[in-house]
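Here is a short report on strand pairing, helix packing and salt bridges. Keep the model open while reading.

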Amino acid sequence: MKIEQIYTGCLAHAAYYIESNGEAAIIDPLREVQPYIKRAKLDDAKIKYIFETHFHADFVSGHLDLKEKTGAQIVFGPTAKPSYDAIIAQDGQIFEVGDYKIKAIHTPGHTMESTTYLLIDENGKEHGIVTGDTLFIGDVGRPDLAQKIASDLTQEKLAGYLFDSLRNKIMPLSDDLIVYPNHGAGSACGKNMSKETTDTLGHQKQVNYALRADMTKEEFIAELLDGLSEPPAYFPQNVMMNIQGYESFDKVMSKAHKPLTPKAFEAAANETEAIVLDVRHQTDFVKGHLPRSIFIGIDGGFAPWVGALIADVSQPILLIAPKGREEEVITRLSRVGFDNVIGYLDGSFEAWKKAGMEYDSITSISAEEFAKRYKANQDVVFDVRKDGEFLAEHVEGAKHTALDNINSHLSEFPENKPFFVHCAGGYRSVIAASILKSRGIHNLIEVAGGYGAIKNTEIPTTNYVCPSTLK
């Protein structure tokens, strides 16, 4: 069986290309579909089916664009109700792709339509399972996303469905099956995903907490729901785009790929309600940036932070990107539903500066300098890391405002005296600083290198507590 995993995107979402005897199938395609079309052409194969494991929350699927370009049929699992033509598979239904077979196994829990696809080779041997967000390596999918769309689907009810799906549909399968999940470490669709991208089902039965043979349904629900953080705000909007449809990727790219001179960029920023989003490296942003622009670096946790901090996927966006990476940024924004980029600064920030336009900067100091000023006890320290990071260890006396929630806690930051902002390494603190400055709070000092550098100084910190022990 020929299976190529295509890993791309900041959330390590995996799309699968399966080919046999001149026919191909794609499972959970990403927004930009040309790689699949090119791959099929190289293999002299025609894409026959586009299988969707569920209505995704973390990204906009490429299923509609792929269908439009190839004529392939979209397949969803039982109970799915898309607003476009698709095959709604029955539980156990088998689809033929050349000499291979793909069996749809309905596994509700993450969402009600969630479906696992069993891959069967030309000899009838079961090869692996593409589990979507039902089963990850080391974890299972969170059961609280569908309730954002249907309020009667409580997270407890969905967790119960997931328990039944795992016990009755997944765990009885052969131990030597290869598990191909939708996500790896870093995704917001689960809690404790492994950095590994595949494993055997048998090994997962041994090491995955959610597959313990002696676990009761009540224990499963309690453990699964414990410690779940609030999902990113854009998740429900992506779900609706995947259910109802969306503008084609080609149109999104055509509209967004507009280089603007500094004067034209300034006019667009003044005449529209666009957010100016700067995606360069944080050290470049600190040295100089457009007034009131927001920093979210393309080389960090880009898409999750865009989704967490920009509330509306339809928000107009003006881009400042590293030269030559504009198309990459537009693509990565479109993957998570932000389709309303209206242009980018031609020549990046260097062109703005060269044109003599006004710009701003952030006061940033080293951890060593921070240690000297901390001893004087004249300033306030704000830690913008996640709750678990802060509880595990932090600077003594520091205040905590997680970056995820900063827009709801702006009143906590002092307006009339200096204060320090830090995160773990410097990426999130610059995001926080840009947001604060855009709201008129300029008396901040960013600590370069974050807590990773701070803990190597003499600044007193709390004793380390393993995050896994925190409740």
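Asp-383 stands opposite His-400 in E20. Strand E19 (residues 380-383) pairs with E20 in the parallel sense, over 2 bridges. Two strands count as paired if DSSP finds at least two bridges between them. Helices (H or I, at least four residues) and strands (E, at least two) are DSSP runs, numbered from the N terminus.

This is a predicted model: local features need pLDDT of at least 70, side-chain atom pairs count only at pLDDT 80 or more, and totals for chains, interfaces and linings use all residues. Residues are numbered from 1 along each chain as its sequence is written, and side-chain values use heavy atoms, with hydrogens and water left out.

**The five-stranded sheet**

E19 and E20 belong to an open sheet of 5 strands, ordered E18-E22-E21-E19-E20, with parallel pairing. The edges are strand E18 (364-365) and strand E20 (399-400). Each has a single partner strand, so one side of each is left without a neighbour in the sheet. H15 packs on this sheet and touches strand E21 (419-422) and strand E22 (444-447). Contact means heavy atoms within 4.5 Å. The direction of H15 makes about 165 degrees with that of E22. Axes are lines fitted to C-alpha atoms, for helices over the stretch in contact, and angles run from 0 to 180 degrees between N-to-C directions.

**The six-stranded sheet**

What is the strand order in the open sheet of 6 strands? The order is E7-E8-E9-E10-E11-E12, and the pairing is mixed. Strand E7 (94-97) and E12 stand at the edges. Each of these two has a single partner strand, so one side of each lacks a neighbour in the sheet.

Both senses of pairing occur along E11. Strand E10 (residues 126-132) runs parallel to strand E11 (residues 178-181), joined by 4 bridges. Ile-129 stands opposite Val-179 in E11. E11 also pairs with strand E12 (residues 199-200), in the antiparallel sense over 2 bridges. There, Ile-178 has Thr-200 in E12 as its bridge partner. In a regular strand, side chains alternate between the two faces of the sheet.

**Helix packing**

Two packed helices are described by the angle between their axes and the distance between the axes.

| Helix pair | Angle | Axis distance |
|---|---|---|
| H10 (302-309) and H15 (427-438) | about 30 degrees | 13 Å |
| H3 (155-170) and H5 (217-225) | roughly 120 degrees | within 9 Å |
| H1 (34-42) and H2 (63-70) | about 40 degrees | 10 Å |

Angles under 35 degrees count as roughly parallel, over 145 as roughly antiparallel, 65 to 115 as roughly perpendicular and the rest as oblique.

Take H10 and H15. Their angle of about 30 degrees makes H10 roughly parallel to H15. The crossing is right-handed. A crossing is right-handed if the near helix is turned clockwise from the far one by less than a right angle, and left-handed if anticlockwise. Phe-302, Trp-305 and Leu-309 of H10 meet Tyr-427, Arg-428, Ile-431 and Ile-435 of H15. By class, this contact of H10 with H15 has 6 nonpolar, no polar and 1 charged residues. Ala, Val, Leu, Ile, Met, Phe, Trp, Tyr, Cys and Pro count as nonpolar, Asp, Glu, Lys and Arg as charged, and the others, Gly among them, as polar.

H3 and H5 are oblique to each other. H3 passes H5 in a right-handed crossing. Among the contact residues are Ala-159, Leu-162 and Phe-163 of H3, and Phe-220, Ile-221 and Leu-224 of H5. The contact of H3 with H5 has 8 nonpolar, 2 polar and 4 charged residues.

H1 and H2 pack at about 40 degrees, which makes H1 oblique to H2. H1 passes H2 in a right-handed crossing. Gln-34, Tyr-36 and Ile-37 in H1 meet Leu-66, Lys-69 and Thr-70 in H2. These residues divide into 3 nonpolar, 2 polar and 1 charged.

**Salt bridges**

How many salt bridges does the structure hold? There are 25. A salt bridge is a side-chain nitrogen of Lys or Arg within 4 Å of a carboxyl oxygen of Asp or Glu. One of them joins Glu-23 to Lys-48, with the closest N and O atoms 3.5 Å apart. Glu-23 lies in strand E3 (residues 23-27) and Lys-48 in strand E4 (residues 46-51), so the pair ties together parts that are 25 residues apart in sequence.
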